[in-house]
Amino acid sequence: MVGVVSSVKALWETRIRRLQEDEDEQRRKSTRGGATGRLGVGVWEDRAVLARLRKKLQTEDGRLVLRIEQEEWKMLPDCLVQLSQVHEWQIHRTGLQKIPHCITSFQNLLVLDLSRNGVTEIPKQIGKLPQLRELLLSCNRIQFVPEELSCCESLERLELAMNRDLDQLPDQLRNLKKLQHLDLSMNDFPAVPDCVVALPALQWLDMGGNGLRRLPEDIHRMETLHTLWLQRNRLEKLPENISRMKSLDTLVLSCNLLTDIPPLMEDMSNLRFVNFRDNPLSLDVTLPCTETKDEDDREMFGREFMQTYIREARKRASAVLHMHRVPQPTDDSSNK
């Protein structure tokens, strides 16, 4: 009887052990198979996306350029970091909503052009790109510029046009010692930011289509500026110190509220092109007609107009002064 019981016990122990071994093996297979399946799917997805991205790579002037246009890329994939050798991003009209934080992996990046997308913010990580020369973010939805952008010490060109609600810049941007080209047009700036006036290398500035009501009195501090676009603002007068901007050769002031032109601007021989079109100037000045030049060639609202206007204003002021001059008293001895 004892032998029968021992045999039955051994049989059940063997069955239980085999059942446990089978369950353990099944569990291992399931775990290994599931992980491998998920990993496989992720790997193949990344490979597919990378293959798609590599097709967008082009070599131009020795630079490796990533160019994506008119496709839907609202978010850029994490696997993009595997293309960290890229020098330039050209991503337009894709609906891109965010600059990925992995941007710091692109230490060779020279140009970041994300114009005409839906980007809502510039990440603070942008300051970790010391080689970046151009940041182009026009026609997006940016409302705030982080002070970390001032750490991009190589930045030469910054375009933030047509972001609509953008109305201020951090004062730290004055530290961009190499910035030459700045486009802030079609935003909501009420005045020229102090940090812009302080930029030491700035040559080209567009602030057209904002809400500017005045220009800074110390505008002459912008010693290297040669082109200034101020069209479609609310300027009512110009500061006298504008005449001290010796490098300025292009000044566009069309569609403002100017009623006069400062007399000192007559001596701005450096100005080659200036435009006062569509301003409510107090004097109606017409340039003499010539047979050899049409209206556009004569720049009727340009430099010639400015000089003629100033001379006419001075002439009329002199005539008014003469008209109201107090008569000199006569010699009393002649009346005796």
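A residue is called buried when its relative accessible area is under 20%, exposed when that area is over 50%, and partly exposed in between (1.4 Å probe, protein chains only).

The structure is a predicted model, in which local features need pLDDT of at least 70 and side-chain atom pairs count only at pLDDT 80 or more, while totals for chains, interfaces and linings use all residues. Residues are numbered from 1 along each chain as its sequence is written, and side-chain values use heavy atoms, with hydrogens and water left out.

**Overall organisation**

The chain contains three helices and 11 strands; helices (H or I, at least four residues) and strands (E, at least two) are DSSP runs numbered from the N terminus. In order from the N terminus, these elements follow the pattern α-β-β-β-β-β-β-β-α-β-β-β-β-α. Of the 336 residues in the chain, 41% are buried.

**Strand pairing**

Two strands pair if DSSP finds at least two bridges between them. Strand β1 (residues 57-60) pairs with β2 in the antiparallel sense over four bridges, and glutamate 60 stands opposite arginine 63 in β2. The hairpin of β1 and β2 has two residues between the strands, and in it aspartate 61 takes a positive phi near 55°. Strands β2 and β3, in turn, run parallel and are joined by five bridges. Arginine 67 has glutamine 90 in β3 as its bridge partner.

**The nonpolar core**

A nonpolar core is a set of buried Ala, Val, Leu, Ile, Met, Phe, Trp, Tyr and Cys residues joined through side-chain atoms within 4.5 Å. In soluble globular proteins, nonpolar side chains tend to be buried together. The largest nonpolar core here has 79 residues, of which Trp89, Val196, Leu251, Met265 and Phe276 touch the most other members. Two or more residues of this core come from each of α1 (2-54), β2 (63-69), β3 (88-92), α2 (194-197) and α3 (303-323). Helix α3 gives the largest share, four residues.

Apart from neighbours within four places in sequence, leucine 251 is in contact with residues including Leu228, Ile242, Met265 and Phe273.

**Aromatic pairs**

Rings of Phe, Tyr and Trp (its six-membered ring) pair if their centres lie within 6.5 Å; planes under 30 degrees apart count as stacked, over 60 as edge-to-face and the rest as tilted. The count comes to two aromatic pairs.

| Pair | Centre to centre | Angle between planes | Class |
|---|---|---|---|
| Tryptophan 89 and phenylalanine 106 | 5.0 Å | 85° | edge-to-face |
| Phenylalanine 305 and tyrosine 309 | 6.0 Å | 40° | tilted |

Tryptophan 89 lies in strand β3 and phenylalanine 106 in the loop between β3 and β4 (111-113), so their pair ties together parts that are 17 residues apart in sequence. Phenylalanine 106 is buried, with a relative accessible area of 1%. Phenylalanine 305 and tyrosine 309 are separated by about one helical turn because they are four residues apart in helix α3. Phenylalanine 305 is buried at 5% relative accessible area, and tyrosine 309 is buried at 1%.

**Cysteines**

A disulfide is a pair of cysteine sulfur atoms within 2.5 Å, and a search of the whole structure finds zero of them. Cysteine 79 is in no disulfide, the nearest cysteine sulfur, that of cysteine 102, being 9.4 Å away. Cysteine 79 is buried, with a relative accessible area of 6%. The sulfur of cysteine 151 lies 7.2 Å from the closest cysteine sulfur, in cysteine 152, which is too far for a bond. Cysteine 151 is partly exposed, at 45% relative accessible area.

Notes: Contact = heavy atoms within 4.5 Å.
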